[in-house]
Amino acid sequence: MARQHDAADLVELGKRHLLHPHVRLADFETTGPTVVVEGEGAVLRDTEGREYLDGLAGLWLANSGYSREEIARAAYEQMKTLSYYTLFWGWSNPPAIRLAARLAELAPPGLNRVFFTSGGSEANETSIKIARLFWEGMGRPEKDLVVTFQQAYHGVSYGAMTATGLETVWRGFSPFSEGFVRVPPPYGYRCPHGKDACDASCADALAEAFEAIGPQRVAAFLAEPIMGVGGVIVPPPGYFQRVREICGQYEVLWIADEVITGFGRTGTWFGVEHWGAIPDLISFAKGVTSGYAPLGGTLVHDRVYEGLKRVENVFNHGFTYTGHPVSCAVGLKNLEIMEREKLPERAAGLGKTLEARLRAIDSPHVGEVRGMGLLWGVELVADRATRALPDPVTIGWDVQARCRQRGVLVRGLFPGNIVALAPPLVVTEAQLDRIVSVLADSIAEAFRQAKPA
Ligand SMILES: Cc1ncc(COP(=O)(O)O)c(C=O)c1O
């Protein structure tokens with residue numbers, strides 16, 4: 001894989017010209033970037049020749065692994081045949097149509113129409129706008145509020161950011177969009193409803209929230225099947241079945257944000273399949289192309305589509321890159337590979353191995369291990385019995401840094417004591433063993449050397 005790069009030049013140019021998400025800009029002028037040049041399977045390499053075993057699949061998305069020639073060829077063939085044309089005003093292209101049809105086959109029954117975007121934030125914007133437009137079409141435009149979870153992450157564009165329940169994402173960016181109400185998530189380990197044993201009654205709390213807001217005002221409930229960035233929070237069995245009933249009862253559209261959980265990540269094509277409940281809209285992105293090209297979108301249930309058809313105006317929503325033929329061709333090839341190599345099933349099988357290895361970590365500081373398929377979170381605590389937060393609570397970011405020094409990439413999550421794992425679905429068992437052993441060593445070292453805040 002090795003190739004020569006003028007690393008020092010790249011770092012200097014990067015410091016001078018490239019703005020990065022999630023770095024403190026003043027510090028970055030000193031530290032500069034780590035420049036990644038190659039990837040293969042679950043392994044990345046930087047300009048210094050250092051290798052990283054990627055325990056987070058980039059940003060939870062490299063499901064089919066890095067740098068497959070077959071996908072590169074699909075992009076190449078599409079680029080030299082038709083590089084771009086719009087989907088506006090009824091124009092179309094073969095990959096967009098074929099991918100929409102394939103997604104309708106893979107999705108739960110009834111979700112038969114697809115609107116394409118460039119990523120997850122735009123997908124959520126689209127889902128929210130479709131939900132509001134649906135109620136407009138149904139003659140009930142006063143139903144315009146969107147209910148989301150505290151702690152959830154839905155993206156950074158204004159609507160998606162306001163839907164997001166993490167203070168750190170909003171800071172400095174007010175004024176925000178209007179029309180969002182946040183409710184506590186189904187976080188069994190630290191139950192916001194004060195239950196000692198989880199009984200899924202948190203779904204009933206959602207009904208109470210609809211009552212309190214006034215259901216005649218609520219357009220949609222937007223939630224991830226498993227919260228990713230917000231702490232890898234897995235709702236209890238029965239939760240989304242109950243959500244489905246409640247949303248039906250209060251005439252609220254249920255939008256599942258499957259940006260992380262879609263496309264095999266949790267061991268099924270879509271995360272909601274674990275609950276056997278069918279949403280009205282699904283936002284997707286990331287794994288649809290495994291990151292080979294930017295692509296996202298919204299899957300629309302037939303009953304929502306019927307409401308949209310009643311709207312007099314044209315469907316006034318579209319991005320320049322909606323249905324981009326190259327991204328869609330890449331998506332088709334990626335899904336073909338995922339199906340051929342049975343990657344969702346592989347995630348389900350390897351997920352059991354990963355779960356067993358994580359549960360076997362011998363540390364009094366591992367409070368909870370939770371997840372599904374190849375999406376896992378390890379919540380770190382000061383003491384397992386009391387579940388007290390560690391001091392400092394940000395120790396998960398320290399663990400992340402120590403893992404990185406040992407050549408393994410994992411991610412600390414807000415408020416800093418949760419470590420996330422979501423390797424590519426092509427990861428091997430030996431690689432999983434290494435990820436967990438490095439994680440265990442890093443946790444032990446971080447707690448040994450912790451300096452209380
Ligand atoms: C659940 C969820 N929704 C939406 C987004 C936003 O996607 P994007 O960064 O592609 O805009 C993310 C990104 O991590 C996400 O995890």
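The protein is divided into domain 1 (34-64 + 342-448) and domain 2 (70-340), with bounds that come from an automatic or database domain assignment. This is a predicted model, in which local features need pLDDT of at least 70, side-chain atom pairs count only at pLDDT 80 or more, and totals for chains, interfaces and linings use all residues. Residues are numbered from 1 along each chain as its sequence is written. Helices (H or I, at least four residues) and strands (E, at least two) are DSSP runs, numbered from the N terminus.

**Domain 1 against domain 2**

- Between the C-alpha centres of domain 1 and domain 2 there are 26 Å.
- In domain 1, 27 residues are in contact with 26 residues of domain 2; contact requires C-beta atoms, placed from the backbone, to lie within 7 Å.
- The side of domain 1 that touches domain 2 draws at least two residues from each of helix 3 (57-60), helix 13 (343-359), strand 11 (366-372), strand 12 (375-380) and strand 15 (418-421).
- Helix 13 gives the most to this side, with five residues.
- By class, this side of domain 1 has 17 nonpolar, seven polar and three charged residues. Ala, Val, Leu, Ile, Met, Phe, Trp, Tyr, Cys and Pro count as nonpolar, Asp, Glu, Lys and Arg as charged, and the others, Gly among them, as polar.

**Helix 13 with helix 15**

- Helix 13 and helix 15 (residues 429-448) pack at about 25 degrees, and their axes are 10 Å apart. Axes are lines fitted to C-alpha atoms, for helices over the stretch in contact, and angles run from 0 to 180 degrees between N-to-C directions.
- The two helices, helix 13 and helix 15, are therefore roughly parallel (angles under 35 degrees count as roughly parallel, over 145 as roughly antiparallel, 65 to 115 as roughly perpendicular and the rest as oblique).
- Helix 13 passes helix 15 in a right-handed crossing; a crossing is right-handed if the near helix is turned clockwise from the far one by less than a right angle, and left-handed if anticlockwise.
- L350, T353, L354, R357 and L358 of helix 13 make the contact with E429, L432, D433 and V436 of helix 15.

- Helix 5 (residues 94-106) packs on helix 12 (residues 325-340) at about 40 degrees, with axes 8 Å apart, which makes helix 5 oblique to helix 12.
- The crossing of helix 5 and helix 12 is left-handed.
- This contact joins P95, A96, R98, L99 and R102 of helix 5 to P325, C328, A329, G331, L332 and L335 of helix 12.
- Helix 4 (residues 69-81) and helix 12 have axes 9 Å apart at an angle of about 150 degrees, so helix 4 is roughly antiparallel to helix 12.
- The crossing of helix 4 and helix 12 is right-handed.
- In the contact of helix 4 with helix 12 there are nine nonpolar, two polar and two charged residues.

- K129 sits in helix 6 (residues 120-137) and is partly exposed, with 16 other C-beta atoms within 10 Å.

Notes
Contact = placed C-beta atoms within 7 Å. Buried ≥ 20, exposed ≤ 12 C-beta atoms within 10 Å, placed from the backbone.
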